[in-house]
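Thanks for coming. I will take one structure and go through a helix, a few backbone details and a pocket.

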Amino acid sequence: HQICQKNNIKLVVAGINLSDRTKKMLKYCREKDIPAVNIGVKNPDGRYQNLPWDGHPNAWANTVYSYRLYEFIKDDL
């Protein structure tokens with residue numbers, strides 16, 4: 001964060017899951033005045049994963065992530 005500030009770079013930390021660990025990390029960032037947002041999606045049935053090959057986010061998840069991140073940063077663009 002400090003390096004970004006010194007170089008006039010806008011930093012945003014984005015979480016892509018809804019775990020307590022991610023929520024704590026984003027809370028920590030906000031407490032340090034680092035812009036942070038959780039762009040994760042609820043995924044109880046696996047529709048946002050690259051199944052059956054692996055558990056990584058699929059194209060649908062990435063579409064949601066990009067939209068939510070855009071909504072968070074659009075006023076700074």
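**Backbone, helix and pocket**

Asp33 is exposed, at a relative accessible area of 65%. Keep in mind throughout that this is a predicted model. Asp33 sits in the loop between H2 and E2, and its phi is positive, about 60°, although Asp33 is not a glycine. Most residues other than glycine have a negative phi, and most peptide bonds are trans. That is the reason for listing the exceptions here.

Asn8 is another non-glycine residue with a positive phi, in this case about 55°. Asn8 belongs to the loop between H1 and E1. Is Asn8 buried or exposed? With 74% relative accessibility, Asn8 counts as exposed.

The next item is a peptide bond. The one from Leu51 to Pro52 is cis, with omega near 5°. Pro52 lies in the loop between E2 and H3.

H2 has 12 residues, and from first C-alpha to last it reaches 16 Å, close to the 16 Å expected at 1.5 Å a residue. Which residues of H2 are buried? They are Thr22, Leu26 and Cys29. Viewed down the axis of H2, these buried residues fall within an arc of 55°, so they line one face of the helix. An α-helix has 3.6 residues a turn, so residues three or four places apart point the same way.

On the face turned away from the buried side, H2 carries the exposed residues Asp20, Arg21, Lys24, Lys27 and Glu31. What covers the buried residues of H2 includes strand E1, residues 13-15, and strand E2, residues 36-38.

Take Thr22 as an example from the buried side. Thr22 counts as buried because its relative accessibility is 11%, and the cut-off is under 20%. Leaving aside residues up to four places away in sequence, Thr22 touches Gly15, Asn17 and Asn38.

Last, the largest pocket. How much space lies in it? About 250 Å³. Its lining has 14 residues, and those nearest the centre are Lys10, Leu11, Val12, Pro35 and Asp76. The elements giving two or more residues to that lining are helix H1, residues 2-6, and helix H3, residues 59-73. By class, the lining of the largest pocket has 8 nonpolar, 3 polar and 3 charged residues.

That is the end of my list; I will take questions.

Conventions
Residues numbered from 1 in each chain as written. Predicted model: local features only at pLDDT ≥ 70, side-chain atom pairs only at ≥ 80, totals over all residues. Heavy atoms only, no water. Buried < 20%, exposed > 50% of the residue type's maximum accessible area, 1.4 Å probe, protein only. Contact = heavy atoms within 4.5 Å. Helix = DSSP H or I, 4+ residues; strand = E, 2+ residues; numbered from the N terminus. Expected span 1.5 Å × (residues − 1). Arc of directions from axis to C-beta. 1 Å grid on protein atoms, 1.4 Å probe; cavity = no way out; pocket = protein on both sides within 12 Å on 5 of 7 lines; lining within 4 Å. Points joined across faces, edges and corners; volume = space filled by probe spheres on them. Nonpolar A, V, L, I, M, F, W, Y, C, P; charged D, E, K, R; others polar.
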